Amino acid sequence: MTGFNVGAFTGVLISIAFFGNLYWMSVLGAILGGLFSAILVYIFAYRDGHSGFRLIIVGIAISATLTAFNQWLSLTVSLETAMTAALWSAGTLNGMTWDSCVARSGLNQCFYGLCFSHEHTNEITRNGR
């Protein structure tokens with residue numbers, strides 16, 4: 001969905017600006033920011049139903065708005081906070097520990113189990129039955 005990635009970065013940027021560089025707060029900020037942007041796209045794109053074109057156009061608009069907000073927030077926070085957020089945005093494994101990998105793998109196992117339990121539903125949805 002267009003705008004989801006920028007919304008996740010907005011959530012991380014806000015969490016880093018207000019709570020510091022805490023790992024779980026960044027993860028929570030990314031999840032909440034992505035969900036918030038998806039909900040915004042869904043709400044603004046609704047008019048007597050949804051259409052693919054409207055979802056794309058509204059997603060681009062939300063993405064552009066959140067990108068502008070991210071730039072403004074990056075300019076108003078301290079230099080260290082802005083550099084931390086930019087490093088998070090670029091993606092890095094610097095600072096990763098085995099503790100966070102173990103926690104992440106446990107969470108992935110839960111999601112895999114959820115996906116496999118709904119495999120039949122996904123097959124029906126994919127084939128349009």
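Author: Buried means under 20% relative accessible area, exposed means over 50%, and partly exposed lies in between, with a 1.4 Å probe and protein chains only. The model is predicted, with local features needing pLDDT of at least 70 and side-chain atom pairs counted only at pLDDT 80 or more, while totals for chains, interfaces and linings use all residues. Residues are numbered from 1 along each chain as its sequence is written, and side-chain values use heavy atoms, with hydrogens and water left out.

Reader: Which residues are buried in α1?
Author: In α1 the buried residues are Val6, Gly7, Ala8, Phe9, Thr10, Gly11, Val12, Leu13, Ser15 and Ile16. Helices (H or I, at least four residues) and strands (E, at least two) are DSSP runs, numbered from the N terminus.

Reader: What covers the buried residues of α1?
Author: The cover includes α2, α3 and α4 (79-90). Contact here means heavy atoms within 4.5 Å.

Reader: How many helices and strands does the protein have?
Author: The protein has six helices and zero strands. Buried residues account for 26% of its 129 residues. Of the contacts between residues at least 6 apart in sequence, 64% join residues at least 24 apart.

Reader: Back to α1. How far does α1 reach from its first C-alpha to its last?
Author: The 16 residues of α1 reach 22 Å, close to the 22 Å expected at 1.5 Å a residue. The expected span is 1.5 Å times one less than the number of residues. Just after α1, Gly20 has a positive phi of about 85 degrees.

Reader: At what angle do α1 and α2 pack?
Author: The angle is about 140 degrees, and the axes are 6 Å apart. Axes are lines fitted to C-alpha atoms, for helices over the stretch in contact, and angles run from 0 to 180 degrees between N-to-C directions. Angles under 35 degrees count as roughly parallel, over 145 as roughly antiparallel, 65 to 115 as roughly perpendicular and the rest as oblique. α1 and α2 are therefore oblique to each other.

Reader: And which residues of α1 make the contact with α2?
Author: On the α1 side they are Phe4, Gly7, Ala8, Gly11, Val12, Ser15, Ile16 and Phe19. Their partners in α2 include Gly29, Ala30, Gly33 and Gly34. The contact of α1 with α2 holds nine nonpolar, eight polar and no charged residues. Ala, Val, Leu, Ile, Met, Phe, Trp, Tyr, Cys and Pro count as nonpolar, Asp, Glu, Lys and Arg as charged, and the others, Gly among them, as polar.

Reader: Are α1 and α3 roughly parallel or roughly antiparallel?
Author: They pack at an angle of about 25 degrees with axes 9 Å apart, and α1 and α3 are therefore roughly parallel to each other. Val6, Gly7, Phe9, Thr10, Leu13 and Ile14 of α1 meet residues of α3, among them Leu66, Phe69 and Asn70.

Reader: What is Thr10 in contact with, leaving aside neighbours within four places in sequence?
Author: Thr10 is in contact with Leu66, Phe69 and Asn70. Thr10 is buried, with a relative accessible area of 6%.

Reader: Now Ile62: which residues does Ile62 touch, not counting those up to four places away in sequence?
Author: Ile62 touches Ser37, Leu40, Val41 and Phe44. Ile62 is found in helix α3 and counts as buried at 10% relative accessibility. Ile62 and Val41 are 21 residues apart in sequence, with their C-alpha atoms 6.8 Å apart in space.
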